[in-house]
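Please examine the structure shown below.

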Amino acid sequence: MASPLAIASSLPLPPAVADSHNAHVSAANGGKGKLSADQAMQLNAATAIAPYCALGVAGPVITHHRASALDVLEPCPSMSEEERMAAVHETLAKYTKKLAERTNHHMGYPYNLDFDFGALEGLNKFSINNLGDPFIESNYGVHSREFEVGVLNWFARLWEIDEQEYWGYITNCGTEGNLHGILVGRENHPDGVLYASRETHYSVFKAARMYRMDAEKLDTLESGEVDYAHLAARLAANKGRAAIVNVNIGTTVKGAVDDLDRVLDVLAAAGYSEDQFYIHCDGALFGMMLPFIREAPMVTFRKPIGSVSVSGHKFVGAPVPCGVVITRTRYVMALSSDVEYLNSRDATIMGSRNGHAPIYLWYTLTVKGYEGIRADVERCMRNAHILKRMLEAAGVRTMLNDLSNTVVFERPGEEAFVRKWQLACEGDIAHVVVMPNITLDKLDEFVADLVNSRARLAISSAKRIACDARAAEASEASDGECC
């Protein structure tokens, strides 16, 4: 019997979107090929194809998998100390094997798993804590502020703000960066309204709840980008109150980038002067990539923005969650205060902060440099387009925004496949975030496995139809005998 992969491969495939569009072009132009600009505009208006959106799903599809527990191995009379430690080492060995397998099948979340910090292993014996302000040392001397400030200066140059004009710190994660950015906005505009698109990361609306802020959840375009007309309408409805605007530099699911310049134009058109708004740019993943893409719109403090945050464990890569947030010094003074206990100041969210994280970031940025990061970005963007073409060739509908390494496609029907490849899903779509650790061989393996999964479902559905037909046929025969 032929394998499911062979069966699936032999089936006729739907035309790729580009092929379908070319067919429409040829037909609209009498088979003469390329259209004029006016003809193209008319055709696009009539045959515009929205980014991929499959059959709707009613509500979130969430399967709760309860985490298991490893019991703590307390000393006991029935087990010698040698046996207990052997059991500990066996547990850790199994866990290490599990991590290696899970890392090998990681595709759905934006983490760069391609890193090697072997040179830093000797630092694990130190409790490094950068508690308080990164620029003012406390009485606790086991810190890594020199590394932290060096990393912050690197990002300040990336986002074009003078060292004397910025304040920032290395956070414990991207969410903390958003919490801090929104907090700075709220402290500078206590009566401000938070504006964010419905495809914004959930941490931004978490901040609104934590800080008891009025928030407007804005509509989005098909791409996932904010609906600028809806932003304008809500600004007009809240006229007289300051605006705290979250701008997405890559949305969570579709990787859409909000147009910062267009947001600024909307604010200006609505009559908001620069002292009446605060913009936080959530660049968790793509904020680190955008500056290295040629001719991409710039996120820069030369524009009237208030803060930018990124995750350090995402594109840069680190063995612990971490991030960076940078704001303007004049804004952060609204929440900075002296702390005698620390003999320092503090304007951070958490207080105590992981002192190892700045060293991880400093080491990677130093080893790779700007050009090494640029090469990683270019490879990820190229591989994202290759994955899109591979999926379309296999009959899978896809979407990929121009400024994104997030390939969106039809949600696989097999939950086991989703779990195996650790895919992030929402409604009827899933995505793969093409990171530096995802190679062409990995893409090849993933697509082949997806084709197999779809073939299994197709064969199962076909067999179910045949089974139902046999049952109906048997029922009809039984009814005939009774007559």
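The structure holds 1 cavity of 30 Å³ or more. A cavity is, on a 1 Å grid over the protein atoms alone, a set of points where a 1.4 Å probe fits but cannot get out, and its lining residues have an atom within 4 Å of a point. This is a predicted model, in which local features need pLDDT of at least 70 and side-chain atom pairs count only at pLDDT 80 or more, while totals for chains, interfaces and linings use all residues. Residues are numbered from 1 along each chain as its sequence is written, and side-chain values use heavy atoms, with hydrogens and water left out.

The largest cavity contains about 40 Å³ of space, a volume being the space filled by probe spheres set on the grid points, which are joined across faces, edges and corners. Its lining includes Tyr 195, Leu 218, Asn 246 and Asp 258. At least two lining residues come from each of strand S2 (193-197) and strand S4 (243-248); strands (E, at least two residues) and helices (H or I, at least four) are DSSP runs, numbered from the N terminus.

The structure holds 0 disulfides, a disulfide being a pair of cysteine sulfur atoms within 2.5 Å. Cys 380 counts as buried because its relative accessibility is 1%, where buried means under 20% relative accessible area, exposed over 50%, and partly exposed in between (1.4 Å probe, protein chains only). Cys 425, at 26%, counts as partly exposed.

Ala 394 lies in the loop between helix H12 (356-393) and strand S10 (398-399). Its relative accessibility is 24%, so Ala 394 counts as partly exposed. The C-alpha atoms of Ala 394 and Val 451 are separated by 7.0 Å, although these residues are 57 residues apart along the chain.

Conventions: 1 Å grid on protein atoms, 1.4 Å probe; cavity = no way out; pocket = protein on both sides within 12 Å on 5 of 7 lines; lining within 4 Å.
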